[in-house]
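I opened this entry to note what I looked up, item by item. The structure comes first, my notes after it.

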Amino acid sequence: MQGAGRYTAFTPLDLPDRTWPGRRIHSAPRWLSTDLRDGNQSLPRPMSPERKLMMFDLLVNTGFKEIEVGFPVASQDDHDFVRLLIERDLIPDDVRITVLTQAREELVRATVDCLRGASRAMIHIYNATSPLFRELVFGLDRAGCRDMAVRATQVMMDRAEHVLGGCDLSYQYSPELFNETEPDFALEVCEAVMDVWQPEAGRGIILNFPTTVERSLPNVFADQIEWLDRHLSRREHVCLSVHPHNDRGTGVAAAELALLAGAERIEGCLFGNGERAGNVCLVTLCMNLFVHGIDPGIDLSDINAVRRTVEECNQMPVHPRHPYAGDLVYTAFSGSHQDAIKKGFDERERLAARAGVPVGELPWRTPYLPVDPKDVGRTYEAVVRVNSQSGKGGVAYVMSAWHGLDLPRGLQADLAARVQAQADAEGGELSPSRIGELFRKEYVYHGAPGEPGGEPVTVTLWVDGACALEGQRDLRAALGPWGIDVRAVHRTAPPLDEPAMTPERAALPRRSPRDVVVYAECTTGGPGGTGTEGVAWGVGIGADAVAAAFSAVRAGSARLAGHTRLRPSRPLPEPRRLAAAG
Ligand SMILES: CC(=O)SCCNC(=O)CCNC(=O)[C@H](O)C(C)(C)COP(=O)(O)OP(=O)(O)OC[C@H]1O[C@@H](n2cnc3c(N)ncnc32)[C@H](O)[C@@H]1OP(=O)(O)O
Ligand SMILES: CC(C)C(=O)C(=O)O
Ligand SMILES: [Mg+2]
């Protein structure tokens with residue numbers, strides 16, 4: 001690719017004695033949502049007042065305590081929304097709204113005025129401090145740039161004293177483009193701002209350090225934050241906040257490494273909305289903590305509802321592969337993934353049964369799924385979807401989870417081959433209903449009950465263990481006189497009343513409890529036969545094990561005889577009708 005020579009790598013800070021790489025995160029930081037400000041200002045169609053209110057309610061309901069609600073001097077809508085929140089008393093007592101303004105005197109005054117009547121609020125002032133902005137945008141030297149911030153802080157305090165009496169007012173200052181600012185200058189400006197605000201116990205200050213345009217590796221940002229953490233004065237009264245953007249796609253990493261390096265607060269947007277490639281995604285950050293065993297303090301237990309609301313407010317879809325929330329992030333199409341997931345689910349049930357606890361209480365340990373979909377209100381059904389990349393594990397999962405049939409291993413492989421051929425032919429995904437249909441047409445016999453005729457066969461039978469077992473002992477005796485050599489009888493799953501059937505598993509819809517399902521692996525030759533002429537599977541569903549076994553053997557025998565299609569069979573038990581996957 002031509003043109004790389006026009007760019008230069010970011011020069012890292014020299015911090016050889018950095019300590020953040022050895023640290024761990026033990027608790028959630030303070031969160032600020034800037035969906036209604038940074039998120040909103042980046043939308044092609046900024047939110048209407050109704051959409052803003054919907055977003056505000058969502059943020060409050062999920063647990064955000066600091067919400068940047070707008071840039072009141074930017075537009076009448078922004079101004080009116082802040083007024084609406086205050087005048088209609090819509091701000092819960094434990095929530096602090098924040099409003100942003102540039103460091104320009106008249107804008108600062110108007111911003112303070114907009115908060116009249118608020119009982120609790122925060123003013124957030126910013127000015128860019130990087131060399132490029134000092135030179136290009138402001139035409140100012142360092143001192144001039146520092147004085148902008150100092151003057152704006154003073155003007156804000158003076159005005160607030162006049163118009164915000166009785167308001168519990170907090171203050172936040174951001175050196176915009178911090179990541180591109182010389183650290184000593186960023187420090188100088190922040191110290192000067194603190195000299196005006198005079199932070200002290202009960203009257204702290206938030207110093208917020210943005211990667212306004214992300215340019216470096218996240219470890220470089222972490223070094224910058226650790227350096228500040230060491231050098232800021234009045235540190236106990238400073239809340240060290242970060243505001244990562246995602247231009248390099250490493251906003252989440254930058255935020256997390258910044259936490260290691262001393263940051264105590266993170267600003268971002270839900271699902272990473274925000275300028276250009278977005279602000280850091282707060283959902284991802286919260287969930288990353290959650291899967292490390294740390295309560296993020298934000299309730300994402302119905303992540304689909306959160307997503308739907310955000311999509312409606314922003315008029316922008318969330319990507320199907322967005323971490324934790326995308327349509328496809330709890331879904332495996334590929335065979336080996338599906339196999340491992342199924343084994344993980346099976347083991348969970350065994351362990352839960354052994355421990356006598358609901359599966360939902362077990363520590364989460366399932367291959368390929370970093371989080372239990374149920375913890376975020378998602379379901380298990382979409383975990384496995386079948387196409388030409390799938391294998392027997394996935395097909396077996398679908399047959400079990402959707403149709404309540406626990407197929408023996410050989411039948412899983414046999415069905416999987418047919419499913420794969422069909423998926424290859426169609427070039428797409430096979431729904432659980434289609435797979436059930438294929439299974440029914442291929443294997444299930446349900447013609448008139450009766451004894452099998454034709455060649456003698458040798459069979460191995462699997463009786464669906466979730467059904468009544470009466471008759472199992474008699475199978476050999478019942479089938480023998482008809483030239484059927486029953487080599488072995490197995491059960492496919494523990495019966496419903498055994499503890500392995502946890503409440504969750506038992507709740508899966510299954511066939512009528514009166515029905516017995518028998519799977520027959522048939523080979524040619526009666527008693528003493530060699531069974532070398534091929535294997536065919538048949539499935540019988542009947543009122544008792546003997547009837548079902550006859551049917552299964554008839555189906556398998558027909559297939560052995562080369563009848564590729566069985567007589568029409570009774571439909572499988574209704575597959576579950578699910579709402580949209582996930
Ligand atoms: C990184 C961020 O997300 S910062 C937030 C960005 N958000 C927004 O800008 C949305 C809201 N902004 C607006 O509606 C408008 O920009 C307003 C109302 C604030 C100002 O509008 P205008 O006065 O027309 O100025 P304009 O939008 O062109 O901004 C450029 C001016 O702001 C100045 N400026 C930019 N940032 C700052 C700052 N933080 N402090 C002081 N002045 C600043 C520039 O130097 C420039 O001044 P100049 O006209 O003297 O050269
Ligand atoms: C206003 C500041 C904090 C900002 O949004 C940024 O620098 O990205
Ligand atoms: Mg920003």
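I began with ligand 2. Its surroundings are Asp38, Leu100, Tyr126, Ser174, Glu176, Asn208, Pro210, Thr212, His243 and His245. To be listed there, a residue needs its C-beta atom, placed from the backbone, within 6 Å of the molecule. I sorted this shell by residue type and got three nonpolar, five polar and two charged. In that sorting, Ala, Val, Leu, Ile, Met, Phe, Trp, Tyr, Cys and Pro are nonpolar, Asp, Glu, Lys and Arg are charged, and the others, Gly among them, are polar. Strand S5 (168–176) and strand S6 (205–211) each give at least two residues to the shell around ligand 2. Helices (H or I, at least four residues) and strands (E, at least two) are DSSP runs, numbered from the N terminus.

A note on the source: this is a predicted model, in which local features need pLDDT of at least 70, side-chain atom pairs count only at pLDDT 80 or more, and totals for chains, interfaces and linings use all residues. Residues are numbered from 1 along each chain as its sequence is written, while chains are lettered from A and ligands numbered from 1 in the order in which they are written.

Next I turned to ligand 1. It has 18 residues around it, and the closest are Ala74, Gln102, Ala103, Arg104 and Asn127. This shell divides into ten nonpolar, four polar and four charged residues. The largest share, three residues, is from S4.

Then I checked the UniProt record. An unreviewed entry there places the feature "binding site" at Asp38, His243, His245 and Asn279. These residues are spread over 242 residues of sequence, yet they cluster in space, with a largest C-alpha distance of 10.4 Å. UniProt positions are given in the numbering used here, feature names are shortened, and annotations may be inferred rather than shown by experiment. The unreviewed entry also lists residues 29–304 as "domain: Pyruvate carboxyltransferase". I found that span to be 45% helix and 19% strand, with its end C-alpha atoms 24 Å apart.

Is Asp38 buried or exposed? Asp38 counts as buried because it has 23 C-beta neighbours inside 10 Å. The cut-offs are 20 or more other C-beta atoms within 10 Å for buried, 12 or fewer for exposed, and in between for partly exposed, with C-beta atoms placed from the backbone. Asp38 sits in helix H1. Not counting residues up to four places away in sequence, Asp38 touches Cys269, Gly274, Glu275 and Asn279. Contact here means C-beta atoms, placed from the backbone, within 7 Å.

Asn279 is in the loop between strand S8 (265–268) and helix H10 (282–290). Asn279 is buried too, with 31 other C-beta atoms within 10 Å. Leaving aside neighbours within four places in sequence, its contacts include Thr34, Asp38, His245 and Asn246.

I followed the chain on to H10. Eight of its nine residues are buried, so H10 is largely enclosed by the rest of the structure. Those buried residues pack against strand S1 (30–33), helix H9 (251–260) and S8.

I also stopped at Thr181, in the loop between S5 and helix H7 (183–197). Thr181 counts as buried, with 25 C-beta neighbours inside 10 Å. Its C-alpha atom is 6.0 Å from that of Thr129, 52 residues apart along the chain.

Now helix H12 (residues 335–355). It has 21 residues and reaches 30 Å from first C-alpha to last, close to the 30 Å expected at 1.5 Å a residue. That expected span is 1.5 Å times one less than the number of residues. The buried residues of H12 pack against helix H13 (392–403). After H12 comes Gly356, with a positive phi near 70°.

Last, the whole chain. I noted 18 helices and 13 strands. Of the 582 residues, 46% count as buried. The chain is divided into domain 1 (27–295), domain 2 (335–442) and domain 3 (444–560), with bounds from an automatic or database domain assignment. The centres of domain 1 and domain 2, taken over C-alpha atoms, are 46 Å apart.

Definitions and conventions:
Two residues are in contact if their C-beta atoms, placed from the backbone, lie within 7 Å.
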